[in-house]
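Subject: A structure for you to look at

Hello,

Here is the structure I promised to pass on. Have a look at it first, and then read on for what turned up.

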Amino acid sequence: DSPITQMDVKSKSSSVAPAKSKTPILSKTALDVVCILDSSGSMQGTKMDSLKAAVRFVVSTLGPNDRLSVVSFNTSATCMHHLLRMTDENKVKSNNLVSSALQASGGTNIYAGMVQGIEILRSRRSTNQASCVFLLTDGQDRDNLERKISLVKELKRNGTAVFVFGFGVDHDAEHMMAIAEAAEGTFSYIDTDDTVIDAFGGSIGAMQGSAPLTEIALTLRTASLLGEKEALPADQVVINSVEAGHYPVSMAPDLQTATVRFANMYCGEKRTVLLQLVLPAVTSPVYTHLISSSVQYSVLNTVCQHPSSSTDSGCSCEVERAQQGDERLVNPVRALLVEEELRRVEVTTAIKAAKAAADGGDLSAARAILVDTQTAVIASPAYAVRSKTAKALLQDVSEVIDCVRSHDAYDSMGGKNTFCQTLSSNTQQRSAYTKAGKINMYQSPSSNMAQETAFYSKSSGF
């Protein structure tokens, strides 16, 4: 028998560790924010106007304990201002500098901008409790990818969150997605000029509230008997596979311990890990504690441990040998959360395969893969009860089907960009921006709320 088990890891605004731990009481976290912004010639007009409005919105969300720096890049990079505490006076100063000095001209040198922005973080004499980098471009600069990845990996090691934005249909989405994924950050495709403020709003909102968790290690172990019935030998319950998307998984040689690592989680985020277990055959029903879990993480430089326990960290089930013809083999009933996660993995795998086909020029094969997956989602038990996850996944599949309706739609009208954002959000279970009309599946509450506030600010001419 091979049951599938789902484990959740959540980052909450309070009670992130057991009562006996020394986790500090958390409030709104003071931020260091560095915006690295494309000011090349292609940013002229409404793009630049919309970007300036987005920066003004970010400034408006910051308090006097927060610090902001703005770097622009075209052919070379310029620091418009170093980290400034966002007092009322410095907010005016920052907005005036961005308004007057952020002008579109020249080429696109993303690496120069990244070096300048990250050096600002390196050279800090003091640091705030959390830091993040916004990186936006509308162009294509494929040079120095390995160096760019090395820079954002440094940010990841230092606990800095990275938000990457591809602005308009002409940017290199694969390149920007690779940078985002190396940092375990978000990649947002901004398809219209006026939605850059929405994306910036959602991203700065993700950093609001309590401090993010960093250096998270979720360890899963096969466990021993609960109750008085016959125990299964521990060495016969093994972890066959761990599905954790883009996140690294290490497995012990005996297949009884697996560890999944996450660089960080923002307040309100959740990660789901799907396990497939191999259980021994039994001749009579037995009740066993299958899996125990423990989580170690850092918050505000304090290492915290969430130990396993038989009451809140384990997964138990009764194991019974099914006989041939048993209805449960024909129509297995799974928990809704497990069913949803299976569909997410199925959809993500299909979109990745369809993208490979479309990149090779075979749009018919890409559509066939996606239509089959769309049909499977509609027929799934999760969609039968209209679960939020199933409906969101169906939206994702339907959207990318439209992206392969023609070569122009895929190559020239943003179709590939949409594929990249959809893959990035689903493999990392992370998003800081949800397009209008789509179901929010991964955004945290604070990110979603800030995006809505940014959206409505446009009507007041922000």
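What share of the residues in the protein is buried? Buried residues make up 53% of the 462 residues, where buried means under 20% relative accessible area, exposed means over 50%, and partly exposed lies in between (1.4 Å probe, protein chains only).

A word on the ground rules. This is a predicted model, in which local features need pLDDT of at least 70 and side-chain atom pairs count only at pLDDT 80 or more, while totals for chains, interfaces and linings use all residues. Residues are numbered from 1 along each chain as its sequence is written, and side-chain values use heavy atoms, with hydrogens and water left out.

On the overall layout, the protein has 14 helices and 15 strands; these are DSSP runs numbered from the N terminus, with helices (H or I) of at least four residues and strands (E) of at least two. Taking contacts (heavy atoms within 4.5 Å) between residues at least 6 apart in sequence, 77% join residues at least 24 apart.

Now to the interior. A nonpolar core here is a set of buried Ala, Val, Leu, Ile, Met, Phe, Trp, Tyr and Cys residues joined through side-chain atoms within 4.5 Å. The largest one has 41 residues, and those with the most contacts inside it are Leu37, Leu51, Phe134, Leu136, Phe163 and Phe200. Among the elements that give two or more residues to this core are strand E2 (31–38), helix H1 (46–61), strand E5 (130–137) and helix H6 (196–206). H1 provides the largest share, 7 residues. Beyond its neighbours within four places in sequence, Phe134 touches residues including Val34, Cys35, Phe163, Phe200 and Ile204. There is also a second, separate core of 28 residues, which includes Leu83, Val162, Ala173 and Ile179.

How many disulfides does a search of the whole structure find? It finds 0, a disulfide being a pair of cysteine sulfur atoms within 2.5 Å. For Cys35, the nearest cysteine sulfur is that of Cys132, 7.4 Å away. Cys35 counts as buried because its relative accessible area is 1%, and Cys403 is buried too, at 8%.

Do look at the pairing of helix H8 (residues 336–359) with helix H11 (residues 388–403). Their axes, which are lines fitted to C-alpha atoms over the stretch in contact, with angles from 0 to 180 degrees between N-to-C directions, come within 10 Å and cross at roughly 10 degrees. The two helices are therefore roughly parallel, the word used for angles under 35 degrees. Residues making the contact include Glu340, Arg343 and Val347 of H8, and Leu393 and Val397 of H11. Arg343 is buried, with a relative accessible area of 16%. Setting aside neighbours within four places in sequence, Arg343 is in contact with Ser380 and Leu393.

Finally, two backbone details. Most residues other than glycine have a negative phi, and most peptide bonds are trans. Glu215 has a positive phi of about 50 degrees although it is not a glycine; it sits in strand E8 (residues 213–222) and is exposed, at 55% relative accessible area. Leu255, also not a glycine, has a positive phi of about 60 degrees. Leu255 lies in the loop between strand E10 (249–251) and E11 and is partly exposed, with a relative accessible area of 35%.

Enjoy exploring!

Best wishes

How values were computed:
Parallel < 35°, antiparallel > 145°, perpendicular 65-115°, else oblique.
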